[in-house]
Amino acid sequence: TVATLRLDSVISSAFRISRTKAAELIRSGRVEVNWRMCDKGDHICAQGDVFTARGFGKCTLAEVGGLSKKGRMTIRLERYQ
């Protein structure tokens, strides 16, 4: 689950790092969304987006579900091996 579909939140959940570290990766130009460099942490992600973080790996936002009881969004990520 994530609080919002912002890029820094999704990256932190996908690669199990803090949101601050994810924001640093994004600002340093080490994150690509759909094979294009993205330096904005507030980029809104959509179902089917592919994320690449240099040094961490690659994953796809496979599914965006509904809201949990606490108001968080459920997502399903598929990591490449």
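**Entry 1: R19 and D8**

I looked up the pairing of R19 and found a salt bridge with D8, whose closest N and O atoms are 3.5 Å apart. I took a salt bridge to be a side-chain nitrogen of Lys or Arg within 4 Å of a carboxyl oxygen of Asp or Glu. R19 lies in helix α2 (residues 19–27) and D8 in helix α1 (residues 7–15), so the pair ties together parts that are 11 residues apart in sequence. Helices (H or I, at least four residues) and strands (E, at least two) are DSSP runs, numbered from the N terminus.

**Entry 2: conventions**

I note that this is a predicted model, in which local features need pLDDT of at least 70 and side-chain atom pairs count only at pLDDT 80 or more, while totals for chains, interfaces and linings use all residues. Residues are numbered from 1 along each chain as its sequence is written, and side-chain values use heavy atoms, with hydrogens and water left out.

R19 is partly exposed, at 36%. Setting aside neighbours within four places in sequence, I found D8 in contact with R19, A22, A23, I26 and G41; contact here means heavy atoms within 4.5 Å. I also recorded that D8 belongs to a network of salt bridges that links R6, D8 and R19.

**Entry 3: R76 with E63 and E78**

I next examined R76, which forms a salt bridge with E63, the closest N and O atoms being 3.3 Å apart. This pair links distant parts of the chain: R76 is in strand β5 (residues 73–79) and E63 in strand β4 (residues 57–67), 13 residues apart. The side chain of R76 also meets that of E78 in a salt bridge, at 2.9 Å from N to O. I then looked up the accessibility of these residues. R76 is partly exposed, with a relative accessible area of 40%. E63 counts as partly exposed at 38%, and E78 is partly exposed at 39%.

**Entry 4: whole structure**

How many salt bridges does a search of the whole structure find? I recorded 4 salt bridges from that search.

Conventions:
Buried < 20%, exposed > 50% of the residue type's maximum accessible area, 1.4 Å probe, protein only.
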